[in-house]
Amino acid sequence: MLPWILTAVVLSGGPVALAWFGPPGEFPAFAAPFLAASFLVTQGLLIQQHVRGLRISLNLTDIPLAVAVFFLPPFWVIAARLASSVLFYGGRYVRKDIGLLKPLFNIGLTTSGTAVVAVIVHFAGFGSATDPRTWAVIVGAIVLNGFVTTILISLMLLLLSGWASVVRAWLAFYMTLIGPVISACLGLIFLVLLDASGWTAVLIGIVTAATVYLARNYMQLRRQRHVLRELNNFTQLVADSVRSNRLIDAMLGRLREILSAEYATVWVPAGGRYPEIRLTAEVDYIGLTDLDPVPEGLQREVIETNRPMLVGPRSGRLRAELEEAGLRGAILVPLRSGDDVYGCLSVADRIGGELSHFQPVDLQLLETVAAHVSVAVDNTRLIDQLRYDAYHDPLTSLANRRRSLEALQEALAITVPGEVVAVLMFDVDGMHEINDALGHEAGDALLVEFSRRLTEHAPDASFIGRIDSDEFILQTRLPSTEAAVETARSLREGLQGPFKFGRVAVDVSAAIGVVTHPDFATDADELLQRAGTATRQAKNVGDGVQVYHSGLESESLRRIGLAADLRQALDRDELEVHFQPKVHLGSGAPTGAEALARWSHPMYGPVSPEEFISIAGSTGQLGRLTEVVLDESLRRSAEWAREDGPLRMAVNLSPRTLADVGFPERVAELLAEHEVPPGRLTFEITEDDMVADGSRLTPVLDRLHEMGVRLSVDDFGTGYSSLAYLRRLPIQEIKIDLRFIQGMATDADDRAIVKAVLGLARHFEIDVVAEGIEAHQTVEELRAMECETGQGYYFSRPLPPDRFAAWLDAQGGGGASRLRAV
């Protein structure tokens, strides 16, 4: 209310002076319109200076004012000035989005100032145009007018913006003195010329027009240079801020200064892994706040429409929203990344209160600044993304191995009495089978689900990371190693449960290794290495949880040593191949043999096939091992040939070997080398491998079948899937698992299963081998079920080549009564 009262008082100064002077009898038909036009032209010729965030504007209307007070009565001077002010400021009000207060105050300010000059000149009097006293009176009156104007502006600033704005205005008071003095001196020069001859008005007009033109171009060039300088400084500031990670702090503060705004705000809504950013720089406030004065609705509108917004006094609905937030005006521009809009940059409330508003040129400047900021923010986010990617797993967004090692080292650096640093390593079960059976997309989905469950069930303040394809770690602080083991068991129980991928349900589980510091490790690398050792052993224990102890280390070292020794044993041909016969249950005649690899280590003695075959598979030696066994088997097959041809041989294969597309060619070469027909060779594959990897292995299996090689399903009856593969895959033989064969005599269910398998095989015209026969009663029952072939300790254990040859010789003239091995 007070600014409007002051405006009314200032506005009344001109009319009061007009009433006091009264209109003279004669109207100056030429001089009054000419000087009014001069006032109007010079009113728009501004010289602007920015001082401490405040823009001081000076005009050259004092030049025609000096001429007018000499040639015209005071009434017409004030009237001409009033008319030109109404036209000038009224036009600005119509053309530009500014409030009514400012043009009214400016009209009052110019007319009241002119009245002051007219009163001083009227009472002081003056002589001729060349009289120095005349000059002193006119210059003094115009300077006093500048002083009065500054006082009135200061009062308005005090009411609108407080003492800080008044102080800044008076710091620039020297401009208020210099401008009027220079303008008055120029006016006196024109006065002397006009007094000497009226025709000099033509020359003055030409000079004035040229001066106006040059001045406008100069001011435009000056503004452009100022903008470029500010943009250059701002760009350098942004670049320096990116390097020092203070981009937003420096950017908002400087932006507020450039646009002389009370507030500068950046708002970036939350998106993806990036949190929301909402920060504001305020005038006379050091630092940033999270208070946003600009209504969020306007910011969202700018982001959604991808269009800038200038809100001024006549912006209708937008202005109403601003006023509800206690603001007078604002500029909002979108922050862009390519074609996408990710945020909003805004400034609000021009310094100077109701008299100051943002203009379209300010909008253009802010858009240019926003473009620089967007590039800098894009670069900052790119660097941040690269840093994030360097320390996180892209699939699960958990910390990767590198970050996990750093986190473990940080945890070990802090010792808390009564607590241990526990590391739990999780090895997700069945990932290989799921990837092969359902595809890697299903495997990835399972890993994401596993990470979600692990995060959900993890103790508070735990660190979780994914350190390998199917390995996760959890690091936390617990009272003891025993507590870590209990936590592992609880977590394993929480992790278990079906996971649905499409229409297939997969059980989720994991083996968990537990190691604690300072009990079993001293640094992060040792913690992970020993956690891995415990995890591998956890796969072989009942509850799937294994705490590390020194004995596990010796087992791991043993495996490492065996891997190296196995390579040497293959190089030196130290592995042996033993043979276990297959017997026709009706006649008792040998029908073939199964080749089984055996290894006697010079230090550890006999190494179980399960152990060294597993080592061969994990160290890339399985191919060589298979080839050694196959070569020896075919050599012995030819050596032990009978009347019907070479002895039939069965060799076990792993899915890894069958996945090698070059394997059939190598088999063909060995068959040709030993002159063994393909039909005398059988490859045995376990049912689990056949079900899990059948589709992947089909090309190689089909190729072997086309060659004439027989294929057998080992451990039949233990698979967990459909029997449809019996129709899909080229299978000629199945071997009933020994658990059913050995249970036949005492378990009716096992006997029923064996009988059903035999019936199924007859339907598909597939040969059957009963393995694991250890009793004569089992032989009799199998004969009764019309099972043709058997294998087991009842006939013979696996034998080295010389003893197997002797066994064959012993069976040469025997029959069913001599089936039992001695």
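This passage describes selected local features of a predicted model.

D62 is located in helix α4, which spans residues 62–71. Although D62 is buried, it forms no salt bridge; R81, the nearest side chain of opposite charge, is 5.2 Å away. When residues up to four places away in sequence are left aside, D62 touches I142, N145, P180 and S183.

The packing of two helices was examined next. Helix α16 (residues 431–438) and helix α17 (residues 440–457) have axes that come within 6 Å and cross at roughly 140°. The arrangement of α16 relative to α17 is therefore oblique. On the α16 side, the contact is formed by M431, I434, N435 and L438, which meet H440, A442, G443, L446 and L447 of α17. Sorted by class, this contact of α16 with α17 contains six nonpolar and three polar residues, and no charged residues.

Several features of the backbone were also noted. The peptide bond joining H517 and P518 is cis, with omega about 10°. P518 belongs to the loop between β14 (510–517) and α19 (524–538).

Positive phi values occur in two residues other than glycine, S260 and E786. For S260, phi is near 50°, and the residue is placed in the loop between α11 (247–258) and β3 (261–268). S260 counts as buried because its relative accessibility is 6%, under the 20% limit. For E786, phi is near 65°, and its position is in the loop between α29 (776–784) and β24 (789–791). With a relative accessibility of 58%, E786 counts as exposed.

How values were computed. Residues numbered from 1 in each chain as written. Predicted model: local features only at pLDDT ≥ 70, side-chain atom pairs only at ≥ 80, totals over all residues. Heavy atoms only, no water. Helix = DSSP H or I, 4+ residues; strand = E, 2+ residues; numbered from the N terminus. Buried < 20%, exposed > 50% of the residue type's maximum accessible area, 1.4 Å probe, protein only. Lys, Arg positive; Asp, Glu negative; His and termini not counted. Salt bridge = Lys/Arg side-chain N within 4 Å of Asp/Glu carboxyl O. Contact = heavy atoms within 4.5 Å. Axes fitted to C-alpha atoms, helices over the stretch in contact; angles between N-to-C directions. Parallel < 35°, antiparallel > 145°, perpendicular 65-115°, else oblique. Nonpolar A, V, L, I, M, F, W, Y, C, P; charged D, E, K, R; others polar.
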